[in-house]
Amino acid sequence: MDKIRQKLKDLPTQSGVYIMKSATNQILYVGKARNLKNRVHQYFSNSANKTEKTVKLVSHIDDFDYIITTNEIEALVLENTLIKKHKPPYNILLKDDKSYPFVKIDVKRDFPKVEVVRKLKNDGAKYFGPYMQGITSKDILELVESAFCLRSCSHDFSRLPKNHRPCLNFHIKRCLAPCDGRCTKEQYAKQIEEVISFLSGNDKKIANLLQEKMNAAAENEDFELAIFYRRKLEILDKLVRRQITALPKDFDIDIFAIASNGLNTVVSILFVRGGKLVGGDKQVVNDLSPNDEVVLSNFILAYYDKVNYIASEIVIASEIDECDLLREYLTQKKGIKVNIILPHQGIRRQLADMALNNAGDYLEKSLSIKEREDNMTVGAIIQLQEYLGLPDMPIRMECYDISHVQGTDKVASMVVFNNGQPDKAHYRKFKMKYALGNDDFAGLREALTRRIDELVAAKDESFACRPDLLVIDGGKGQLGSVVEILREKGVDDIAVIGLAKREEEVFLPDKSQPVILPRNSYALKVLQRIRDEAHRFAITFHRSLRQKRQTHSKLLAIDGVGEKRVKALFDAFKNLENIKNASVEDLLLVKEIDRRSAENIFRHFHPDTDGQ
């Protein structure tokens, strides 16, 4: 603590980023500050305002570093970069599965379709949403498809055969059939303009269209179709009733509120799109900042970095840390001005209070859920470090498994847990190149050797990350093999353990007796989860390879079809079922397929036809 006190005295007053570290130099938390001296002092002061979470973080801090930046924006960007790189256990890390549904229209295309996506890209397309809770993106898409005559297919019109005919949607008047040249670009573009107008908040046109279609269906005594349009009108009415009359129709607003009890924290978000309240979300957050103002500011930053869509106006229910700085950063990111407003009255205050009530309600209901999540994740890795005497907290854990049938289609899996949770973006898989046959030891040796070789020179994001702990499915033999590889490669400072399945014994290098973890401990549960996940991932990859090999064998049996043509067929049609259903003309659209091969393929799957 004397070391920290001395460093506190020497802290500069400039802006920058501070990095909290454990006794083993492991990064625990990264934060930004307009004034480094003032901010870092908050953690180690005797202030009664510190939350239980902050006290918990400080108890693990053995040292800290800092980086001075030229301005606050630079500090904010650097903080964000370091959090992504190191994934500290006490920073806000939004869950990977938190991707919201948006409606996308790629206006750059001649005949765009309206589709639902979960990832926003800076590609010039128009995005609307997110939609959830009562009015979903599926509801919006069905409204559009029932009122406007647009394509729903993904055909590349330039590659369609000359004898192509429009699909059923054209005949039931649900598509203008641009694929067949039955409408001009201008006619189609007019429909797209009306869809964009509807998604921007103008409902009258679509209401009239649906009403006309319902009446026409009723007059023709097509009562099933009339009921279909009536249901769409009911959904539209539900959406219209969410119109916030005090707001303009073209307004997009995100509303954020935070609720905390000192130990657990919840952030609630509401979405207003086209002047309508279209949904919301609530998340329990784990960020050990000195106060809620910093937590909410950090959450907003992390949220917009993940969803890649920034509303023109952000409403906050309470003060946030360095609001002007966040506003400037988001304005730069969006390219146009972003307003951040703390309202005190009017409709915006009502929305802020609604978000605040949601956050408070969820906080009360989520306490036991949050406690269990903490125990299963960060709590589990802290416990694991203590039980096994590991030098570092195992923030990044990697586990490997081998899968094959009698030595064929042999593969290995690499599964990664960060902070006790699966990090599927970092999973990797290996096809065995050398360790063929039934020898699992050889397979494990090859997988680990290839992985460690990639550690320094890797361009791959996952391979470039150094693991804190390697978990090997097996006992002393498997563990000894891995330890030998680490020594050969000069990385024997990476912690490694073996988990024997039968008795769930944990083997450590250079220790003759295994460690028996308590059966109900979270430390054992996290090891079992990563072991089982590695097994599942390996088997899934093995089965896909085996199925692909068997499928390829069926195609290779066809006269005139070799490996190159098999690959081209799968690139074009994606799976065997589509290849089976393809006509000769469809097959000829594949560049590598000539007419003789196309006819042979077709006859192979349709022996009772004449090849057309």
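Modeller: Gladly. Keep in mind that this is a predicted model. Let's begin with two tyrosines: Tyr18 is buried, and Tyr43 is buried too.

Colleague: How do the rings of Tyr18 and Tyr43 sit relative to each other, and why is the pair called edge-to-face?

Modeller: The idea is to look at the distance between ring centres and then at the angle between planes, where over 60 degrees counts as edge-to-face. For Tyr18 and Tyr43 the centres are 5.6 Å apart and the planes make 65 degrees, so this pair is edge-to-face. It also links distant parts of the chain: Tyr18 belongs to strand E1 (residues 16-21) and Tyr43 to helix H2 (residues 36-44), 25 residues apart.

Colleague: How many aromatic pairs does the structure hold?

Modeller: There are 14 aromatic pairs. Another one is Phe111 with Tyr188, also edge-to-face, with 5.3 Å from centre to centre and 80 degrees between the planes. Phe111 sits in the loop between E4 and E5 while Tyr188 is in helix H7, so this pair ties together parts 77 residues apart in sequence. Both Phe111 and Tyr188 are buried.

Colleague: You mentioned E4 and E5. In what order do the strands of their sheet come?

Modeller: For a sheet, read the order of the strands first, then their direction. Here three strands make an open sheet, ordered E5-E4-E6, with antiparallel pairing. Strand E5 (114-117) and strand E6 (126-128) are the edges, each pairing on one side only. From one strand to the next, the twist averages 30 degrees.

Colleague: How many bridges join E4 to E5?

Modeller: Four bridges connect strand E4 (residues 102-105) with E5, and the two run antiparallel. To find the pairing on screen, look for Ile105, which stands opposite Val114 in E5.

Colleague: Which helix lies across E4 and E5?

Modeller: That is helix H5 (residues 137-147), which runs at about 175 degrees to E5. Helix H7 (residues 185-199) packs on the sheet as well, touching E4, E5 and E6, and its direction makes about 155 degrees with that of E4.

Colleague: What is Phe256 in contact with, beyond its neighbours within four places in sequence?

Modeller: Its contacts include Val267, Ile269, Leu296, Ile300 and Ile316. Phe256 also forms one aromatic cluster with Phe299, Tyr303 and Tyr304.

Colleague: Last one, the cysteines. How many disulfides does a search of the whole structure find?

Modeller: The search finds zero. The check is whether two sulfur atoms come within 2.5 Å. The sulfur of Cys167 is 5.8 Å from the closest cysteine sulfur, in Cys175, which is too far for a bond. Cys183 is in no disulfide either, with the sulfur of Cys175 the nearest at 7.4 Å.

Terms used. Residues numbered from 1 in each chain as written. Predicted model: local features only at pLDDT ≥ 70, side-chain atom pairs only at ≥ 80, totals over all residues. Heavy atoms only, no water. Pairing = 2+ DSSP bridges. Axes fitted to C-alpha atoms, helices over the stretch in contact; angles between N-to-C directions. Contact = heavy atoms within 4.5 Å. Phe/Tyr/Trp six-rings, centres within 6.5 Å; stacked < 30°, edge-to-face > 60°. Buried < 20%, exposed > 50% of the residue type's maximum accessible area, 1.4 Å probe, protein only.
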